[in-house]
Amino acid sequence: LSAQVNRSASQGKGGGSNEALDSILQSLSFLKNLMLSVLILVIFYFLGRFIANRIVRKLQEAKGDSLFPDMEALVYRFSVFGSLFVGFSVVLQFIFGVDFLQVVGFFGLGISLAFKDMLSNVIAGAVIIIQNRIRIGDFIRVEKIMGKVLEIQSRVTILKSIDNAQILIPNSV
């Protein structure tokens with residue numbers, strides 16, 4: 001009976017130290033997961049830059065020096081952000097246990113709502129550039145605005161109006 005009392009007394013004293021040890025182990029586990037997450041995101045960032053460099057190099061070989069600077073920036077943004085999205089999804093799924101489809105759905109909804117106008121302008125800009133129906137130097141009318149096309153960018157077209165003002169027209173218009 002005295003052995004049982006001594007054992008239960010020693011367990012009572014050690015319980016507080018077990019809680020402190022558990023707390024320290026949880027903190028270390030969180031720090032390990034955080035450091036691993038940052039490492040994964042850095043790796044995917046550089047992977048996105050590597051992919052963007054390869055794509056831009058191939059586009060420059062195909063088109064020569066006529067590659068628009070906005071197109072180059074667009075390739076970099078999509079490659080790096082796409083790679084970071086995949087890296088973020090990997091971090092959430094494997095380290096924090098969040099389902100990949102939930103992450104894709106969440107980001108898809110957020111991106112579609114936040115960038116709806118910008119994406120429509122970028123897509124319209126790509127269509128304008130590919131169709132080649134509007135060229136620099138053409139005189140065009142867009143709604144109530146008339147002017148000479150100075151530049152066609154990925155999101156906007158710059159016109160010079162009759163009164164020499166530069167007007168930015170979203171490509172979706």
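In strand S4, the bridge partner of Ile 158 is Leu 168, where strands, like helices, are DSSP runs numbered from the N terminus (E, at least two residues, for strands; H or I, at least four, for helices). The structure is a predicted model, in which local features need pLDDT of at least 70 and side-chain atom pairs count only at pLDDT 80 or more, while totals for chains, interfaces and linings use all residues. Residues are numbered from 1 along each chain as its sequence is written, and side-chain values use heavy atoms, with hydrogens and water left out.

The secondary structure comprises four helices and four strands, arranged along the sequence in the pattern α-α-α-α-β-β-β-β. The four strands make up an open sheet, ordered S1-S2-S3-S4 and paired in the antiparallel sense, two strands being taken as paired if DSSP finds at least two bridges between them. Because S1 and S4 (166-170) stand at the edges with a single partner strand each, one side of each is left without a neighbour in the sheet. From one strand to the next, the twist averages 50°, the angles being taken from 0 to 180 degrees between N-to-C directions of axes that are lines fitted to C-alpha atoms.

Within this sheet, S2 and S3 run antiparallel and are joined by five bridges, forming a hairpin with three residues between the strands; Glu 151 stands opposite Ile 158 in S3. Strand S3 (residues 156-161) also pairs with S4 in the antiparallel sense over five bridges, and here Lys 160 faces Gln 166 in S4. The hairpin of S3 and S4 has four residues between the strands, and in it Asn 164 takes a positive phi near 65°. S3 is mostly covered, five of its six residues being buried, where buried denotes under 20% relative accessible area, exposed over 50%, and partly exposed the range in between (1.4 Å probe, protein chains only).

When neighbours within four places in sequence are set aside, Ile 128 is in contact (heavy atoms within 4.5 Å) with Arg 133, Ile 134, Ile 152, Thr 157 and Asn 171.

In the helical part, Ser 83 lies in helix H2 and is buried, with a relative accessible area of 9%. Not counting residues up to four places away in sequence, Ser 83 touches Phe 44, Tyr 45, Leu 47 and Gly 48. Leu 74 also belongs to helix H2 (residues 69-95) and counts as buried at 15% relative accessibility; its C-alpha atom is separated by 9.5 Å from that of Ala 52, 22 residues apart along the chain.

A search of the whole structure finds one aromatic pair, defined by ring centres within 6.5 Å for Phe, Tyr and Trp (its six-membered ring), with planes under 30 degrees apart counted as stacked, over 60 as edge-to-face and the rest as tilted. This pair, Tyr 45 and Phe 46, is edge-to-face, at 5.3 Å centre to centre and 70° between the planes. Tyr 45 is partly exposed at a relative accessible area of 31%, whereas Phe 46 counts as exposed at 52%.
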